[in-house]
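Q: I would like a close look at one part of this model. Please keep it brisk and spell out the cut-offs.

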Amino acid sequence: MPQPSTMTDSDEWDIQSSMKAFILAIEEKGMSIDDAFGQFDGDDNGTLDGPELYRGLMDLTGDVLSPGQISAIIKAFDNNEDHRIDLEELKAAVEYHQTLEEE
């Protein structure tokens, strides 16, 4: 089982660092947000639940996040409050992160 990176240590982890790792990983692999979402969405229902997000981020970035960290990501990005992330919510989160990085 992969060892958690320092990014997942509770005193160093934040949602922005996970977004940065996600964006960097998809860029390095030549993937689009749509590609990554499709890879994460194991049951092809158009939304990502906690276990799908956990496995997807671990496979893509190598980061092992706690259930609390996964819940925090979902809560931050889940605009319609269905406790899942859909493609549009993920795209909005990436755009928001990229705006923060530019400032």
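What covers the buried residues of H4?

A: The cover over the buried residues of H4 includes helix H1 (15-28), helix H3 (50-61), strand E2 (85-86) and helix H5 (87-102). Contact here means heavy atoms within 4.5 Å. Helices (H or I, at least four residues) and strands (E, at least two) are DSSP runs, numbered from the N terminus. The model is predicted: local features need pLDDT of at least 70, side-chain atom pairs need 80 or more, and totals for chains, interfaces and linings use all residues. Residue numbers start from 1 along each chain as its sequence is written, and side-chain values use heavy atoms, without hydrogens or water.

Now the helix itself. H4 spans residues 67-77, and its buried residues are Gln-69, Ile-70, Ile-73, Ile-74 and Phe-77. They lie on the same side of H4, because they cover an arc of only 135 degrees around the axis. That arc is taken from the directions between the helix axis and the C-beta atoms. Pro-67 and Lys-75 are exposed, on the face turned away from the buried side. Buried means under 20% relative accessible area, exposed over 50%, and partly exposed in between (1.4 Å probe, protein chains only).

Take Ile-74 as a test case. Ile-74 sits in H4 and counts as buried because its relative accessible area is 9%. Beyond its neighbours within four places in sequence, Ile-74 contacts Asp-49, Gly-50, Leu-53, His-83, Arg-84 and Ile-85. Leu-53 is 21 residues away along the chain, with 8.6 Å between the C-alpha atoms of the pair.

His-83 belongs to the loop between H4 and E2. Its phi is near 65 degrees, positive in a residue other than glycine. Most residues other than glycine have a negative phi. His-83 counts as exposed because its relative accessibility is 62%.

A cavity is a set of points on a 1 Å grid over the protein atoms alone, where a 1.4 Å probe fits but cannot get out; lining residues have an atom within 4 Å of a point. The largest cavity holds about 100 Å³, a volume being the space filled by probe spheres set on the grid points, which are joined across faces, edges and corners.

H4 takes part in the lining. Ile-73 and Phe-77 are among the lining residues, as are Leu-53 and Ile-85. H1, H3 and H4 each supply at least two residues. H1 gives the most, with 4. The lining has 11 nonpolar residues, 1 polar and no charged. Ala, Val, Leu, Ile, Met, Phe, Trp, Tyr, Cys and Pro count as nonpolar, Asp, Glu, Lys and Arg as charged, and the others, including Gly, as polar.

Last, the setting. The protein chain has 5 helices and 2 strands, in the order α-α-β-α-α-β-α from the N terminus. Of its 103 residues, 38% are buried. Among contacts with a separation of 6 or more, 58% join residues 24 or more positions apart.

Notes:
On a 1 Å grid over the protein atoms alone, a cavity is a set of points where a 1.4 Å probe fits but cannot get out, and a pocket is an open set with protein on both sides within 12 Å along at least five of seven lines; lining residues have an atom within 4 Å of a point.
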